[in-house]
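Visitor: I would like to learn how to read a model of this kind, feature by feature. Could we begin with confidence and then move on to packing and contacts?

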Amino acid sequence: MAVEVLATVDGLSFGYPGGVAAVRDVSLELYAGEVVALLGPSGSGKSTLLRALAGLVPHFHGGRFSGRVEIAGLDTRSHGPAELAGTVASVFQDPEDQVVMTRVENEVAFGLENLGVAPELIWPRVEAALADVGASQLWARRTVELSGGELQRVCLASALALEPQLLLLDEPTSQLDAGGAEGFLAAVEQAHCAVVLCEQRVDRALAIADRVIMMEEGRIVLDAPVAEARVWLSARRPRYAGGLIAHDPDRRTQAGAPLVRLDDVHFSYGDGPDVLGGISLVVHRGEIVALEGQNGSGKTTLARIAAGLLQPTSGTVTREGRATYLSQDPGRYLVRETAIEEVALGVAGDEVRAAAALESFGLSFATCRHPRDLSSGERERLGIAAVSVPEPDLLVLDEPTRGIDPDRKAALAAWLLEQADAGRGVLVATHDPLLPAHRRVGLDAPVEVPVAA
Amino acid sequence: MSPGPTTALLAAVATAAFLTDRIWALAVMAVILLVICLRAPVQRRWLYIGGALFSALGVIVISPLTWSSGGGTLLWEGPTLPVIGPVDLSTDEIQIAIVNGLRLAVVGLAFSVYTLLVDHDRLVSAAGFARRSALAVALATRLVPALERDAAGLAESVRGRGVELHGARGYATLLSPLVAGSLERATGLAEAMEARGFGRSGATRAPRSAWTWVDHVALVAAVLLVGVAALWL
């Protein structure tokens, strides 16, 4: 049977305005109906390639473009993203940054209206798309009231409603728990179109992929069927082949002094239901405690309470020493004009200590650069440097592995173990079972918490 | 009620507030809008209601001291300050401050009702040829809670490093990253919209329910309200 070529990328090179080349001489073909896992470290050019396939590069971003990208016979140099919409559909990493309308059904209908679909067909297609992703019950809900996982499903429904020939997914499960991610990817598997899935949780991507493309430094270093790719990855990039990042260290036989003790802690946002109902937890010096649970189970709330940023509705919290807290998506919440000022903020402006911290996180080159000029990976490292420079007794980290590649995850795991060995307590809220921990605490009975909370 | 007539009615109330200087009329409008605002979810409404009422209170308390009407009964005479000039308080100034404060409250509460309770999607859909403008207004309105969320995230990021923000000057340091963050969000949203075909010619509209008699009555009431305020209030 002849395999239909859906998209052709021929000698594509691209650099963002003022930046170095993000993609270098990339050539590939995508075939109708196949699922392609697009792997690679942060900054390797995966997102740029997806944007080129959607026509957003160069039309939306500008920059230096050479080569040719053709989707279903449409050359992206002469057909912009709006013209390609419908043939191509994209789901980006952060659902909050792509939602346009205030109600779910209108959000899914938005793209169909833009494409000029006949009015009488719009609501049936919206209904079918929501059903396909298992989100029919969200019809008529306000988008601001949805959890991150629900919102990401709505974004997928919005893309599938367009009945695209090519679906581009840029780390769509990075905010989802294991169950949510499985449900999302199951819906992707049912899509009747070619899929390019950029994903840092490699095992998830390989489970549904027919073919694997791996990029490094803007170039394709692997393009092979999934079975062949597994062998290649095992031999050359073992961390991408599902290898453990780090084994859990042995549970401490002699626990250090308690740094934070929570007794029968309850918490609710406003008049809402209890997000935490009677939680008790102790974190000692020298141990890593992982807080695990589904989206909405209260991990972030508990982490904030442990760090002293929230007061419980009832129950007691006893804390010893200084605690620092790294929020989810720390790159979004950088507050100073240069990297060194950002890090020095936590040590009363001591730039000597800040410079040392920047050096230890490999960010010396960014000392005088604006934090928002750094890449997402560099911003995350800057966030970690900023909370660790005060040498706190207790480090509280909320989803620190979100969207980071296996190599950086391994580096983070090693760093966490170093912190524990240095006598610090570490509390990590995480969906990631591969992060090392002395103890794992499961929070169950998830309560629906909107993104806005 | 459909969002079009609702928005027209709210705009009419805000316009009427500028056309009248009767305190009782302004107070009635403010109270009605306040009661409507209380139908919004508890977590979301207080920022808007508080913002509208505290701004109005600020105008009522501070503005009489910052200018002299030269009329009414002089109740108190204070010192002469640089830039501001003589500080005094008269019955005229108090009355005018109450009128201006109530006007501000009416406009602020009308905006709160629009933000909290109007279905912006249907408003965009009903906008016809002005859909782009209506969408821009709807997205700008949604920016308020996004900014609120980002501000809370920035403050938490600072407090998470053991640094407390003190007073207006402390929080003012967050303004620059807040603006930068909202620009990043706006860019991301624009990219996502373009990828979904926004701006392409030949767009259609999903069918919506037709106006009811209540919507027609609301539209007539909006016109009447402006007329009454202009002629009799």
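This is a predicted model: local features need pLDDT of at least 70, side-chain atom pairs count only at pLDDT 80 or more; totals for chains, interfaces and linings use all residues.

Visitor: Which residues touch the most other members of the largest nonpolar core?

Guide: A nonpolar core is a set of buried residues joined through their C-beta atoms. Here the largest one has 90 residues, and those touching the most other members are A:V36, A:L53, A:A157, A:L166, A:V195, A:V196 and A:L197. Helix α6 (residues 148-161) of chain A gives the most to this core, namely eight residues. Another core, of 60 residues, lies apart from the largest one and has A:I279, A:L291, A:I305 and A:A323 among its members.

Visitor: Why is helix α1 of chain A described as largely enclosed by the rest of the structure?

Guide: A residue is buried if 20 or more other C-beta atoms lie within 10 Å of its own. In helix α1 (residues 46-54) of chain A, nine of the nine residues are buried, so the helix is largely enclosed by the rest of the structure. Among these buried residues are A:K46 and A:R51, as well as A:L49, A:L50 and A:L53. After α1(A) comes A:G55, with a positive phi near 85 degrees.

Visitor: How are helices α1 and α9 of chain B oriented to each other?

Guide: Angles under 35 degrees count as roughly parallel. The axes of α1 (residues 3-19) and α9 (residues 213-231) of chain B cross at roughly 10 degrees and come within 9 Å, and the two helices are therefore roughly parallel to each other. The residues of their contact divide into 15 nonpolar, two polar and one charged.

Visitor: How many residues does each chain bring to the contact between A and B?

Guide: Chain A brings 52 residues and chain B 42. On the side of chain A that touches chain B, α4(A) supplies the largest share, seven residues, and by class that side has 31 nonpolar, 12 polar and nine charged residues.

Methods:
Residues are numbered from 1 along each chain as its sequence is written. Chains are lettered from A and ligands numbered from 1 in the order in which they are written. Two residues are in contact if their C-beta atoms, placed from the backbone, lie within 7 Å. Helices (H or I, at least four residues) and strands (E, at least two) are DSSP runs, numbered from the N terminus. Ala, Val, Leu, Ile, Met, Phe, Trp, Tyr, Cys and Pro count as nonpolar, Asp, Glu, Lys and Arg as charged, and the others, Gly among them, as polar. A nonpolar core is a set of buried Ala, Val, Leu, Ile, Met, Phe, Trp, Tyr and Cys residues joined through C-beta atoms within 7 Å. A residue is buried if 20 or more other C-beta atoms lie within 10 Å of its own, exposed if 12 or fewer, and partly exposed in between; C-beta atoms are placed from the backbone. Axes are lines fitted to C-alpha atoms, for helices over the stretch in contact, and angles run from 0 to 180 degrees between N-to-C directions. Angles under 35 degrees count as roughly parallel, over 145 as roughly antiparallel, 65 to 115 as roughly perpendicular and the rest as oblique.
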